[in-house]
Amino acid sequence: MTDGAPTILHADLDAFYASVEQLLDPALRRRPVAVGGGVVLAASYEARAFGVAAGMPGSRARQLCPALTFVSGHFHHYRQLGDRVVELFHAFTPAVERVSIDEAFLDVRGARRLFGSAPEIAAALRRRVRDEVGLPLSVGVARTKHLAKVASQVAKPDGLVVVPPDAEDAFLRPLPVGLVWGVGPATERRLAEVGIHTVGELAAAPGGLLEHLLGTGAGGKLASLATNVDPRRVAPVAAARSVGAQAALGRRRPTAELLRTTLGFLADRVAGRLRAAGRGGRTVAVRVRFGDFRCASRRTTVTGPVASTRTLTELALELAGTVLGDHGDEDHVTLLGVSVSNLVRCPPRQLELGLVFGDAGHRPASTLDGARWSVDRSVDAVRARFGSGAVGYAAVTLSRASHVPDGFRELAEHRLGTSDGGPGPDRSRRQERLDPGEEGGRVLEQESVSGVGIEHELGLGDGAG
Ligand SMILES: [Mg+2]
């Protein structure tokens, strides 16, 4: 289908941070809510009705809206829910370009045979995000990214706006310039000074004026967008390429128990994050640092994606055994790490496909692994409600290794912009520590997720819109 019908969607969660808070705490629903404290990071639509806006000092917001409830953000929930929404987008098309934690472009050109016209897909997206995640999503549908984005902003809150090809100019011209991509408050003021308030006035600005006002690059871009020229395509963003976790141990003898508990703990973290992202990986690697700071690592690639904790633990133990066997002269280890790469999306389990592993327990696509994955998903669900310490494999949960110093963990996760998404509202304050052991070694868990996806999690999204 290469007709001129609009196929680009801009999907944007409404007042994202505030909506998540209202989802987490029913007492906040239909009430004015602001995320933040000193400064408003995001405001619910109920708060916006009073004039409360992102970026405003908290004191001013309270003046405007005395009934305003402030909540300090649950950032791991934001990431987790944002990811779930994007997973839903992928159910319709692989052409998803995530531009921030709470918004994405989709090109549904190739999805229409399966799912209907672009407006039908947009309606289905909104319905599914509402039903399955519980959040309001606004969608704009148009032939270009810019128009789609403008349309989604016009659609807010909780709406759908389709711009038919023959009505593009009529749609765009009366709108305020502030809706044009790249026009912030400062540019808006400058344009207002020369009498430009609408997109139509922007489009009619005499040649050279915008360049003179805003510089050549920005001026030219705005002129193009205002006259409805936007050749940019939806560019799917590569997902994370690997997921890993490591634990520094101090100087420890590599006993079977140390390996079992530490690798079990790390595998639990890594597999949990993979499952939360709807992914599994075919390549598993283990890294060992010895007492003299020399490092060694081993990796193996298996036939099907690994995302179950038990399977990952077993593979990690096997790899660590090989590394230690190769370095029989080393008495101490100071760090163990587990990572999974070669990631693929793997929510639906494929059973018994292309097995080459001899041991059924290691065949990631095997029935046994499928059963483990199902158990893990139940564990994930319990943890999502009651915290990550609530349930787990006995060897890990009962061991001292399941406890990591809270501060370190948060620091590491914060630095890398990742969170394992094992929530519980007070998760950030729950004590978890890794017993330093007799040698008093300090324990630091570092987590790493490589790849472009991180940029989004590090706050390109303001979550405000
Ligand atoms: Mg938004």
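A few ground rules for reading that: helices (H or I, at least four residues) and strands (E, at least two) are DSSP runs, numbered from the N terminus. Contact means that the C-beta atoms of two residues, placed from the backbone, lie within 7 Å. Axes are lines fitted to C-alpha atoms, for helices over the stretch in contact, and angles run from 0 to 180 degrees between N-to-C directions. This is a predicted model, so to speak of local features takes pLDDT of at least 70 and side-chain atom pairs count only at pLDDT 80 or more, while totals for chains, interfaces and linings use all residues. Residue numbers start from 1 along each chain as its sequence is written.

Strand β6 (residues 103-107) is joined to β5 by four bridges in the antiparallel sense, and Val 96 stands opposite Leu 106 in β6.

Strand β2 (residues 33-36) runs antiparallel to β3, with three bridges between them, and Ala 34 faces Ala 43 of β3.

How many residues of α1 are buried? Seven of its nine are, so to say, mostly covered, where buried means 20 or more other C-beta atoms within 10 Å of the residue's own, exposed means 12 or fewer, and partly exposed is in between, with C-beta atoms placed from the backbone. Among the buried ones are Phe 16, Tyr 17 and Val 20. The cover includes β1 (8-13), β2, β3, β4 and α4.

## Two helix pairs

Back to α4 (residues 75-90): it packs with α6 (residues 118-133) at an angle of about 140°, their axes 10 Å apart. The two are therefore oblique to each other (under 35 degrees is roughly parallel, over 145 roughly antiparallel, 65 to 115 roughly perpendicular, the rest oblique). On the α4 side, Leu 81, Arg 84, Val 85, Leu 88 and Phe 89 meet residues of α6 including Leu 125 and Arg 128.

Helices α13 (residues 256-276) and α14 (residues 309-326) pack at about 135°, with axes 8 Å apart, and are therefore oblique as well. Residues in this contact include Leu 263, Gly 264 and Ala 267 from α13, plus Ala 316 and Ala 320 from α14.

## Strand β12 and its partners

Strand β12 (residues 333-345) pairs with β9 (residues 242-252) in the antiparallel sense over eight bridges; Ala 245 has Val 338 as its bridge partner. Strand β10 (residues 279-290) also runs antiparallel to β12, joined by 11 bridges, with Arg 289 opposite Leu 335.

How values were computed
Pairing = 2+ DSSP bridges.
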